[in-house]
Amino acid sequence: MNMTMVQAINRTLAQEMERDDRIIILGEDVGRDGGVFRATDGLFEAFGPERVIDTPLAESAIIGASIGMTALGLRPVPEIQFMGFIYPAFNQIISHVARLRNRTRGRFTVPLTIRTPYGAGVKALEHHSESTEALFCQVPGLTVVVPSSPYDAKGLLAASIRSEDPVIFLEPTKLYRAEKQDVPEDPYELPLRRAAVVREGKDLTVVAWGAMIPVARKAAEAAAADGVEIEIIDLRTLCPMDRDTIVASVKRTGRAMVVHEAPKTCGLGAEIAATIGERALLSLNGPVLRVTGHDITVPLPKSEDHYYPGPERVLRAVRQLMEY
Amino acid sequence: MIERFDPLKGERLQILDEKGSARAGLDPGLSDPELRAMYERMVLTRTVDAKALKLQRQGRFGTYASNLGHEACQVGLASAMTKGDWLFPYFRDLGLYLTLGYPLADHYHFWMGNEAGLRTPDSLNIYPVAIPVGSQIPQSVGAGLAARYRKLPIAVVATFGDGATSEGDFHEGLNMAGVFRTPNVFFCVNNQFAISVPRAKQTAAATIAQKAAAYGFPGVQVDGNDILAVHAAAREALDNARNGKGPTLIEAYTYRMGDHTTSDDSGRYRTKEEVREWERRDPLLRLRLHLEKKGLWDAKLEKELQDRSTELVEKAVAEAEARPPATVEDLFAYTYAEMPPDLAAQLEDHKAFLGEAAR
Ligand SMILES: Cc1ncc(C[n+]2csc(CCOP(=O)(O)OP(=O)(O)O)c2C)c(N)n1
């Protein structure tokens, strides 16, 4: 069936809840309202208030309560309304969600999936366009997943919910309704910790994820007109990272670039560049370039084009690298 | 009974006075063996704690949070819990652990610095100690929601200090519990200090118990050095939770007789006179006087109990110290359900390093 990413997410949540009555959704406005992006639309009606819980406006309690539910064997899928509002829950995520398995040597695990919209795209107020995935990738025990299409969203969300590890599932708001894609009705999983080569090319590897995938594709098409063949890797799981796929590609192409929305300093681009340096240094024909958000507060919508990498900025870096 | 003691009117539940006499009409009517068992737990708790402090001074223990003075709170609460109930503890809960059956050797093992001591036996519904202050409170509310969803007739207890009531998680947790009327008991050990900061600097409210009113459920302040008062209030609150009557906040008014931890020197912020004043109200002493009044205790029984406790403690320490240290594999194995290749490579590299260093 043809559907948008947000519809694919909604369908997956419904199917997973039908399959497994341990799955509980909780968050702000997720019930009667169906979520501010409608990702949980209809679930309250289908599964009732005990399984789709409109909580008080309290992020730490949403995640804290989700942890407590796992103690009694449930598998909650909490929603944080926007990534910019996940910070009140940081302590619960970093100090407990990520660590309980280790702290108790495996007695208590936290198989929850925290869904949250992230990144630019809704032209809203400050705090609604954050892309702070690297903060979570530095925390051992967390898995961070980002889909870039409706098809991927369905398979990756199902795999996240079924995972025994806690997953931060970041949904690019810009892609929620950007395209419709044929998505199978039957449930399926896409493997976590596995990147995908979404475009093959022999000259240069671009590593990206989420809303930067369409940007990279546009740039790749333009570059192809100039005779440069770009390979695009969609990371899909940001951590633990599929480094093998990146390294194998760079060894073929000899050039690498990372494109992300997050600020440059200590962004995942740094981690990827370091990995390539460690494992493919002698294959490189030039430095690993990063095309990223700047190290400034995300501007309000009027100026956000200055901040987010677009195809032109990617192309400029492609030219620099090809001429290096 | 809880409702009869309104914290907003400055009322505090006390059953045993400092001479060990029980107030008629409030006595929870525990049997003689139950009373004796409570006292035995309190003494064991104190013995375990004293040994821990000694081990710390000898360098056989890491930083340790002393438990002195909290025995009535802990044993009174735990003895009111029943099988199936859950505990979301904080870091100063020794008597709860011992009463609920946490293996003593595991307790020592953990404080000696090994995570394996927190691998609670599967039969025990005790979540691991929460060190970020207050963070266990919303977790306990989620467990309460889960208990209701699973139709389990149980109560979920969270314990915390007076300092924790200033944390956002206290508010978020109690507020959510009130909204959903979860089967929770929030047990605040008001020991007058959060490290050095006195209770009056945590809140301008006259009591902590009264905060429950704002969340729409009952709160009660009890004498935390009076095990009968703690037990009676806890029993009622736990029953209410199990029977769908919603949460309760219990404030146990007590005193931290020791330093905050072995890294603290409480002489910097409180007087010896104050501490001595509270020693008079020692919770062990009070129950012992009560037992003696009832003809249930004497010097000979006391001596036997002390010896038995010491023996148990020595055995547990020996057992904990005999356990092998964590392996390098243990340190890596529990980060994810399945070790990612990167992590496996880090582990291999570290083992290679150790091999080279040994050569
Ligand atoms: C969130 C957080 N902040 C600070 C600390 C450091 N700390 C450890 S215990 C403590 C005081 C706790 O006081 P209280 O809650 O009253 O419990 P008590 O130690 O008196 O039993 C502090 C500040 C911490 N563990 N967690």
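A polar contact is a pair of N or O atoms within 3.5 Å; within protein, one atom must be able to donate a hydrogen and the other to accept it, and residues adjacent in sequence count only if both atoms are side-chain atoms.

The model is predicted: local features need pLDDT of at least 70, side-chain atom pairs count only at pLDDT 80 or more, and totals for chains, interfaces and linings use all residues. Residues are numbered from 1 along each chain as its sequence is written, chains are lettered from A and ligands numbered from 1 in the order in which they are written, and side-chain values use heavy atoms, with hydrogens and water left out.

**Exercise 1. Describe the surroundings of B:D264.**

Step 1. B:D264 sits in the loop between strand 7 (248-253) and helix 9 (272-279) of chain B. Helices (H or I, at least four residues) and strands (E, at least two) are DSSP runs, numbered from the N terminus.

Step 2. The relative accessible area of B:D264 is 15%, so the residue is buried. Buried means under 20% relative accessible area, exposed over 50%, and partly exposed in between (1.4 Å probe, protein chains only).

Step 3. Find its polar partners. The side chains of B:D264 and B:Y269 make a polar contact of 2.5 Å. The B:D264 side chain also reaches the backbone nitrogen of B:H260, at 2.8 Å.

Step 4. List the contacts (heavy atoms within 4.5 Å). Leaving out residues up to four places away in sequence, B:D264 touches B:I195, B:R256, B:D259 and B:Y269.

**Exercise 2. Describe the shell around the ligand.**

Step 1. Name neighbours. A residue is near a molecule if one of its heavy atoms lies within 4 Å of it. Of the 16 residues around the ligand, B:Y90, B:R92, B:I131, B:G163 and B:F193 come nearest.

Step 2. Sort the shell. It holds nine nonpolar, four polar and three charged residues. Here Ala, Val, Leu, Ile, Met, Phe, Trp, Tyr, Cys and Pro count as nonpolar, Asp, Glu, Lys and Arg as charged, and the others, Gly among them, as polar.

Step 3. Read the polar distances. A ligand nitrogen is 3.0 Å from a polar backbone atom of B:V133. A ligand oxygen is 2.7 Å from a polar backbone atom of B:G163. A polar side-chain atom of B:H260 lies 3.4 Å from an oxygen atom of the ligand.

Step 4. Read the cover. On its own, the ligand has 580 Å² of accessible area, and the protein covers 72% of this.

**Exercise 3. Which residues of helix 9 of chain A are buried, and what covers them?**

Step 1. Read along the helix. In residues 243-253, the buried ones are A:R243, A:T245, A:I246, A:V247, A:S249, A:V250 and A:T253.

Step 2. Identify the cover. From chain A it includes strand 9 (196-199), strand 10 (204-208), strand 11 (230-234), strand 13 (256-263) and helix 10 (268-280). Helix 13 (341-358) of chain B is also included.

Step 3. Look just past the helix. There A:G254 takes a positive phi of about 80°.

Step 4. Turn to strand 11 of chain A, where A:E231 is placed. A:E231 is buried, with a relative accessible area of 3%. Its side chain joins that of A:R252 in a polar contact of 2.5 Å. A:E231 also touches A:S249 and A:T253, among others.

Conventions
Areas by Shrake-Rupley, 256 points an atom, 1.4 Å probe, with all protein chains shown as cover.
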